[in-house]
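Subject: Two-chain model, handover and findings

Dear colleague,

Here is the structure we discussed, for you to open alongside this message. My notes on it follow below.

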Amino acid sequence: MFKMYKERLIKIEKNIYELPKEEGMKVPGRVFFSEKMIKEIEEDSLKQIRNVAMLPGILKYSIGLADMHVGYGFPIGGVAVFDLDKGIISPGGVGYDINCSVRLLRTNLTKADILKKQKEVLDALDRKIPSGVGRGSKFNMNRSELNRILEGGAKYLVEKGYGMKEDYLHTEEEGQMKDAKASKVSDIAIRRGIGQLGTLGAGNHFLEVLFVEDIFNSEIAKVFGLKKNQAVIMIHCGSRGLGHQIASDYIKKMEKEYGFEKLPDRELINAPIKSQLGKDYYEAMCCAVNFAFANKQLITHWIRETMKEMFPKISIDVVYDICHNIAKFEEHFIDGKKQKVCVHRKGATRSFGPGREEIPKAYRDVGQPVLIPGTMGTASYVLVGTKKAEELTFGSTVHGAGRVMSRSSALRKIRGEDTKKQLNKKGIEIKAGSWKSLGEESPEVYKDIEEVVKIVDELGISKKIARLRPLAVVKG
Amino acid sequence: MTKVLIEKFKFLEHTADIKFKAFGNSIKEVFENSALALFRVFYDKKVEEKKAYKIKVKGNDLESLLYNFLEEFLVLFDSKNFLPFRIKNLELNEKKFKISAVVVGDELSNYNAHVHVKAITYSGMFVKKQKNNWVSQVLVDV
């Protein structure tokens, strides 16, 4: 008789559950949920954990983090690691919004400074930075310029005068994946992306002005340049139409080359890491990653220009910029042996502890900053990466709260107008693309960020450093 | 035999993305109604019919044909700022998996569209005949 996946879970220890290996699975599944949340775990997301565990060359576990929910093919909030010789790379394991990511900026302003001009700040940022559906970029470029951005990322834009060296040094991969090859990106992907550099897009993407409400570890907070009541700015966006099309293009190519008949789900299409097609996808994916880094670099530049008009003495620095949807080559310990592997993080954040070379020098002694955006009305968190994450989750942690309510039921139950009123009551000013998009992204459609952060902190796969509260929100 | 009127499409529950089923008395109709469901995701009110594009797509099976057909509208949306509303002159070759059609709609910037569809996905996708009617299922990433 068929047993629900939920019923097959075995508790390993607090906050860790295993989905035992069954026929077809090469490794077991591991989900990092609290006892409270495991009761509400989606059956289909566990099925996806199982499906991923069936892919060739997967190592150790198919992982679901505390913010996991159903995705397409791979679950969102999933991590899977593959052997370089026997393993695969999968566009569905990265997601369509390649390098959907978060950048945090610190300022020398305080909460009180922002409150004095709260509405003005919101209006000015909303005017300057295009957001929502179909609002194109003010940044014009030709194809050869776009190619340089695809290969050079945020670093290239800084060299062109759109920022400071520290901006890209404080970005994952130093703002540029060096394996990017623009020749691997299709003409259609270029056409979809060329008018979108420097735009937030819609859906869950946003730009927020927040303040540091609480500090949990003052020494590390100091290293990250954060202190209580300081005003900070968070940007959440990705590689726009360009990245979406790259994913789609390579899904089609891989289907043609390898067929999908044997896969448990068509969205799990993949190519061996060592194959030409696997390499081509990786090099194209790197272009989308760079496009997303450059996207946030340009937005950072515009934020500086805009804020300077209102606060002439303002200084704005990048704390860090982290990737959510990405495949990368990293070294990890597999059964006690150091091995270079291909890590897929889909709706997951890298969380490296002290000492790793990939971390910017300024943070290397303490671990990388981990940025976890909450929902519009709730807190966001800054955490620090840990050695424990490297042991338990291949150096990964959650990427946000994770949705619990579908967009269609949100639309039935929540009016955007009410969401705005609620936020205003809490002292948060907001501008959104439409009432509908506001209702769809209302705080109640997400899991409780406090619970999600509590789990990762208890597990030790990232540790709390600071809690941020929003003051002004521009929503796509 | 009288033609039975059936609903064109319906939206299903999905936590993060948007899922729909479309229906049709013929394979042509289910493709057309799938496109209309996608247009409804973009924008749920009337769009003026001021611009038109001719589209031609190919696939290897019915699902990839539907995927490629629907993807055309995302490309027009992003690269031409085009908000589609209606399909005209749809021709479908079931054996060669080919479609041609004309799509009419308007400049996107004239409307306050609220959803940007990132991609069509193959997750749970199907196009099939059930008794006398055709039905498709599509999950789009938003």
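How many residues of chain B are in contact with chain A, and how many of chain A with chain B? The contact involves 27 residues of chain B and 35 residues of chain A. Please keep in mind that this is a predicted model. It scores ipTM 0.90 and pTM 0.95.

**The contact between the chains**

On the side of chain B that touches chain A, the elements giving two or more residues are helix H2 (62-80), strand E6 (119-130) and strand E7 (133-141) of chain B. The largest share comes from E6(B), with five residues. By class, that side of chain B has twelve nonpolar, ten polar and five charged residues.

**Chain A as a whole**

Chain A contains 17 helices and 19 strands. Its radius of gyration is 21 Å, close to the 23 Å from the globule rule for 476 residues, so chain A is as compact as a globular protein of that length. The box filled by the C-alpha atoms of chain A is roughly 65 × 50 × 50 Å along the principal axes. Of the 476 residues in chain A, 60% are buried. If you take the contacts in chain A between residues at least 6 apart in sequence, 76% of them join residues at least 24 apart.

**The two domains of chain A**

Chain A is divided into domain 1 (5-94) and domain 2 (101-404 + 446-475). Taken over C-alpha atoms, the centres of domain 1 and domain 2 of chain A are separated by 23 Å. The contact between these domains involves 38 residues of domain 1 and 48 residues of domain 2. On the domain 1 side, the elements that give two or more residues are helix H2 (35-38), E4, strand E5 (76-83), strand E6 (88-89) and helix H4 (91-94) of chain A. E5(A) gives the most to that side, with eight residues. The domain 1 side has 21 nonpolar, twelve polar and five charged residues.

**Helix H17 of chain A**

Which residues of helix H17 (residues 449-459) of chain A are buried? They are A:Ile449, A:Val452, A:Val453, A:Ile455, A:Val456 and A:Leu459. Seen down the axis of H17(A), these buried residues fall within an arc of 155 degrees, so they line one face of the helix. What do the buried residues of H17(A) pack against? Their partners in chain A are strand E4 (62-69), strand E15 (369-372), strand E16 (380-384), helix H13 (387-392), strand E17 (396-397) and strand E19 (463-475). Strand E4 of chain A is also one of the elements on the side of domain 1 that touches domain 2. After H17(A) comes A:Gly460, which has a positive phi near 85 degrees.

**Chain B as a whole**

Chain B has two helices and seven strands, and along the sequence they follow the pattern β-β-α-β-α-β-β-β-β. For 142 residues, a compact globule would have a radius of gyration near 14 Å, and the 14 Å of chain B agrees with that. The C-alpha trace of chain B spans about 45 × 35 × 30 Å along its principal axes. Buried residues account for 47% of the 142 residues in chain B. Among contacts in chain B with a separation of 6 or more, 62% are between residues 24 or more positions apart. The mean pLDDT of chain B is 93, and 96% of its residues reach 70 or more.

**Two residues with a positive phi**

A:Asp335 is not a glycine, yet it has a positive phi of about 50 degrees. Where is A:Asp335 placed? It sits in the loop between strand E12 (325-334) and strand E13 (337-346) of chain A. Is A:Asp335 buried or exposed? A:Asp335 is exposed, because 7 other C-beta atoms lie within 10 Å and a residue with 12 or fewer counts as exposed.

B:Phe97 is not a glycine either, and its phi is positive, about 50 degrees. B:Phe97 is found in the loop between strand E4 (82-93) and strand E5 (98-107) of chain B. With 18 other C-beta atoms within 10 Å, B:Phe97 is partly exposed, because a residue needs 20 or more to count as buried.

Regards

Conventions:
Residues numbered from 1 in each chain as written. Chains lettered and ligands numbered in written order. Predicted model: local features only at pLDDT ≥ 70, side-chain atom pairs only at ≥ 80, totals over all residues. Helix = DSSP H or I, 4+ residues; strand = E, 2+ residues; numbered from the N terminus. Rg over C-alpha atoms; globule rule 2.2 N^0.38 Å. Contact = placed C-beta atoms within 7 Å. Nonpolar A, V, L, I, M, F, W, Y, C, P; charged D, E, K, R; others polar. Arc of directions from axis to C-beta. pLDDT = per-residue confidence, 0-100. Domains from an automatic or database assignment.
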